Amino acid sequence: MILLSMVLALALERALSHLESWREHALFERHVHWFHTVAPLRVWNTPWALLWLLGPTLLVTAALQWLLADAVYGVLEFVFATLVLLLSLGPRDLGEEIHALMAAQENGDQEAVDRLRADLLSTPGRLTQACQGDDRRSVIAAICIQAHERSFAVLLWFFVLGPVGALAYRIISGLPRVLQDAGDSPRALEPATRLHGIMAWVPARITQMLYALAGSTDDALAERHRVMQAPAPSWVADTWRQLAVVGVGALSVQDDRSEQAASRPLEASLEAVLGLRGRALLVLLALLALPTIGGWLG
């Protein structure tokens, strides 16, 4: 059922990708802004605010997951799980965003190009700027991180904990940005960033493996070895740094100044990273299907 929910949610995400606003998670953002408005400053400006921000949503989801378990022969549980996973993916379709960037470049719409690039580069900690300086590698690295944040990590937590796992990663990954936008520099911002790093630590390393298997394994490992020679600012930063460079290495993306890059337009690199994401998703689904296949054969 879990694997079937994953496949169906991914198919529905693709089919509904032209609807841009229906999964923007504005409800949770409104909840954070409401709590910011009504909570006393001594409550808002404390790490314990995370319990009030995350607890109600996750508790309700976990309760529904438990209540619907095996209800109507598992049909209600399957529908609920698929719906929660669908709402947790994204929120924006990465493929549509990349194709919009390519179309804007082709039409010479520099304002749209700058806006779309800024959106893609808004990764956790904006660490892709360190990977390493030139525009092509930064954009491709950002897309590799965005694919993890929008798809791979959510799918992996769904596989482990079901709907509550997928939703937990989605709202925890977006919480630092929402807190930052709320202002007042709340003391919950740093714990929220660390919590996101904890939730991402294992999925990011699995995603690295998927990128390496779906692309150039030797180049991916070489890039990872190269970047590991320099210390990272923190263990959280190291997670995003490794994920970025492994994705770039898997595609053998060169500096814009190199002759190979000069002969290959950015559009080709964007198409290549979409292909990498698709192959990595297939590898992930195949690996997750192995226990089910083993059960059938057993």
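A: Arg205 and Asp238 are both buried, a word that here stands for under 20% relative accessible area, while exposed stands for over 50% and partly exposed for what is in between, with a 1.4 Å probe and protein chains only. The side chains of Arg205 and Asp238 meet in a salt bridge at 3.9 Å, N to O, and this pair links distant parts of the chain, with Arg205 in helix α10 and Asp238 in helix α12 (residues 235–250), 33 residues apart. A salt bridge is a side-chain nitrogen of Lys or Arg within 4 Å of a carboxyl oxygen of Asp or Glu, and helices are DSSP runs (H or I) of at least four residues, numbered from the N terminus.

The model is predicted, with local features needing pLDDT of at least 70 and side-chain atom pairs counting only at pLDDT 80 or more, whereas totals for chains, interfaces and linings use all residues. Residues are numbered from 1 along each chain as its sequence is written, and side-chain values use heavy atoms, with hydrogens and water left out.

By this rule there are nine salt bridges, and another of them joins the side chains of Arg14 and Asp93 at 3.8 Å, N to O. Arg14 lies in helix α1 (residues 2–15) and Asp93 in the loop between α5 (75–88) and α6 (94–107), so the pair ties together parts that are 79 residues apart in sequence. Arg14 counts as partly exposed because its relative accessibility is 49%, whereas Asp93, at 8%, counts as buried. Arg14, Asp93 and Glu96 are linked in a network of salt bridges.

Terms used
Helices (H or I, at least four residues) and strands (E, at least two) are DSSP runs, numbered from the N terminus.
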